[in-house]
Amino acid sequence: MRAPGVGAGMNRVEASDYVEFSRLSHPAVSPDGERVAYVQQTPESETDYEATVHVAPTDGGDPKRFTVAEGVDSEPAWSPSGDRIAFVSTRGADDERPQLWVVPTDGGEAEQVTDVVGGVSDIAWGPDGDRIAFLQSVRPEEVEAGHDLRVGEEYEREDPDPRVVDRHVYRSHESYSDGARSHVYTVDADSGSVERVTEGEVDCLSPAWGDDLYYPVRYGSDDDLRWEIEAYDTDSGERDTVTAVEGWGPTLAVDASRPHDRIAYTTTPEDDPTLVQTEIEVFTREVGEVTHLTADLDRDLELWNASHAPEWGPDGDALYVCTPDEGSYVLRRLDPATGADEVVLGGERHVHGFSASRDAVGVVQSEWDHPGEVVAATPGGAEEVTLTRVNADYLDDRAVAEPEEVRFESGGTEIQGWVLTPPDFDPDAEYPLAVEIHGGPHRMWSTTGSMWHEFQTLAARGYVVFWCNPRGSTGYGEEFRSAIERDWGDVTMQDVMAGAREVAGREYVDEDDAFVTGGSFGGFMVSWLVGHTDFFAGAVAQRGVYDLTGFYGSTDAYKLVEGDFRAVPWDDPEFLWEQSPAAHVEYVDTPTLLVHAERDYRTPANTAELFYRSLKKHDVDTRLVRYPREGHELSRSGEPGHVVDRIERIVRWFDGYSEHRDADRALDRPRNDGLTAGEDTDEEHDAGGETDAE
């Protein structure tokens, strides 16, 4: 399908365009519903981003930048009276420790409120507007010295030498914990006086205010998924355990509009944490009543970041949540009395974050023709206004193709997918096919989101792009999600290949010129596919899992193995090996590029190294590209130069094996030929170290 308005004189989307457009996040509606604050992030160099807080009127007036362009700002939060905005920023921090800042909304300079050793995150204003709660990750010796309250000039946090590990999960995201624990603190918004709320050998999650300050805390091992929700009286210092909850990490929303606080929290059964959907319960304090609010909602909750956390409407008459729903991420509100749900903002959209006030809801969302805007709507969604057009100049000059939805059957189940054709599509021509596979495995793709740029780039380079949500994905109900129990590979392969073959059967697709790529679980599936079919002429496996036992021992997400496969290495070593792509490498003939990040502690590089060496041993065309300084979020929020380089390498690898491209194999070209990242060299370059099969 060709997008309306695509003209012959328009430019094509390219990988290097990534540095030209901005991304929006962290929407926050003012208490009076008249303004939305949000963060606008734009690449400013090969390695860094600029991120500033902006404010837009909900009636559609002109947005204005609210903070200076220094450092990276995040998490804007309005004070209860709306007279100030608190935000987190790295401005002025040589070691990039984010601190809390507050700026008046009627004009004036922002002031730094904290200077704490562990940085600041997950901020929440107290109901009186005098205190702000936050999380800080601190080591015991730092607490003892008081650096968690204010850092002394003589102190500088250093990596321990040697590292001593005594926890199940000792690293995640892109760093080691090094003995640090996440604790709750409060700070006086005027004086900057910081007080500890929790301490000791516990782990705490995001705080939320009602009559008291509430937060989830884990007293047991980090192997334990049982959390207690505590209430802390900031006046008396007394604390009370309100209730217990199970799950990966519960998020809270507190309704203080009634005589007794109502605490909504997410929960997932500890004995089945990966295959079942996350639910919401509501606990009414003092009364002691628990309501299972999502009992009749057969959809998972989207909890990808703090902007997706459940949120009460100001009067407590509704609880807002975001859910995946058959290729869209929609905003719903739940009736706390009946559990009935209503879609507030639905249709073909991808809600990346939301915020609610008495008279308006604000969201950051993307659609097929743009990578993200801020939208304000009435609480029921009857009226909505787009408040931004941050990438208007870029989009007006680019040929953006519109995806076509496809539905097909696999294993007796209907699967939803999409096809994206080149912007100058000619139905009488013939094109190569690029198949994309999502991560998770319990995630869901839409027509946009974080993959918008990559999909559009591949289409602009002359590929027909296909992606789908195979069984195991969220957004289609719990039975669909749990269909890959003890079998990531074959079930998903059946669905992906059913769609790929159907699309390849179209007259304008060359079924002998098909390629495949995917990241995380998608990387697992790429390596599984090339070990079980010769359908693809080339493959790129990114951030993948290639050996389940090695993954279990090195990841912070080892519960995926225990939950999805119902297995642990010491009980079922042969089963886990047979379910691993590395076990089938002797059957791989497909040229396969491996892409990984040096600091990826979700899918650590050790299993990629195993698969790479195995491919080399079997004389398969291969190359391993490793990106320094990057973690598992490389494709979504990596350094701008790395994001561009990664997409260009995918295209270059595919082109080298395509009959429709006059291009040599990447292995036969100079290291940087066809890439944006600098001059040809035989040394490792800034975009990532390569290991060749030459």
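**Close-up views of a predicted model**

**View 1. The crossing of helices α3 and α12 is right-handed.** Welcome to this structure, which is a predicted model. Here α3, made of residues 452–460, packs against α12, made of residues 640–655, at an angle of about 30°. The axes of these two helices lie 11 Å apart. On the α3 side, look for His-453, Glu-454, Thr-457 and Leu-458. They meet Arg-646, Ile-647, Ile-650, Val-651 and Phe-654 of α12. Sorted by class, this contact brings together five nonpolar, two polar and two charged residues.

**View 2. Helix α5 covers residues 489–504.** At 1.5 Å a residue, its 16 residues should span 22 Å, and the end C-alpha atoms are 21 Å apart, which agrees.

**View 3. Four strands form an open sheet in the order β2-β3-β4-β5.** The pairing in this sheet is antiparallel. At the edges stand β2 (23–29) and β5 (64–65), each with a single partner strand, so one side of each has no neighbour in the sheet.

**View 4. Strand β4, residues 49–57, pairs with β5 in the antiparallel sense.** Two bridges join this pair.

Methods. Residues numbered from 1 in each chain as written. Predicted model: local features only at pLDDT ≥ 70, side-chain atom pairs only at ≥ 80, totals over all residues. Heavy atoms only, no water. Axes fitted to C-alpha atoms, helices over the stretch in contact; angles between N-to-C directions. Left-handed = near helix turned anticlockwise from the far one by under 90°. Contact = heavy atoms within 4.5 Å. Nonpolar A, V, L, I, M, F, W, Y, C, P; charged D, E, K, R; others polar. Expected span 1.5 Å × (residues − 1). Pairing = 2+ DSSP bridges.
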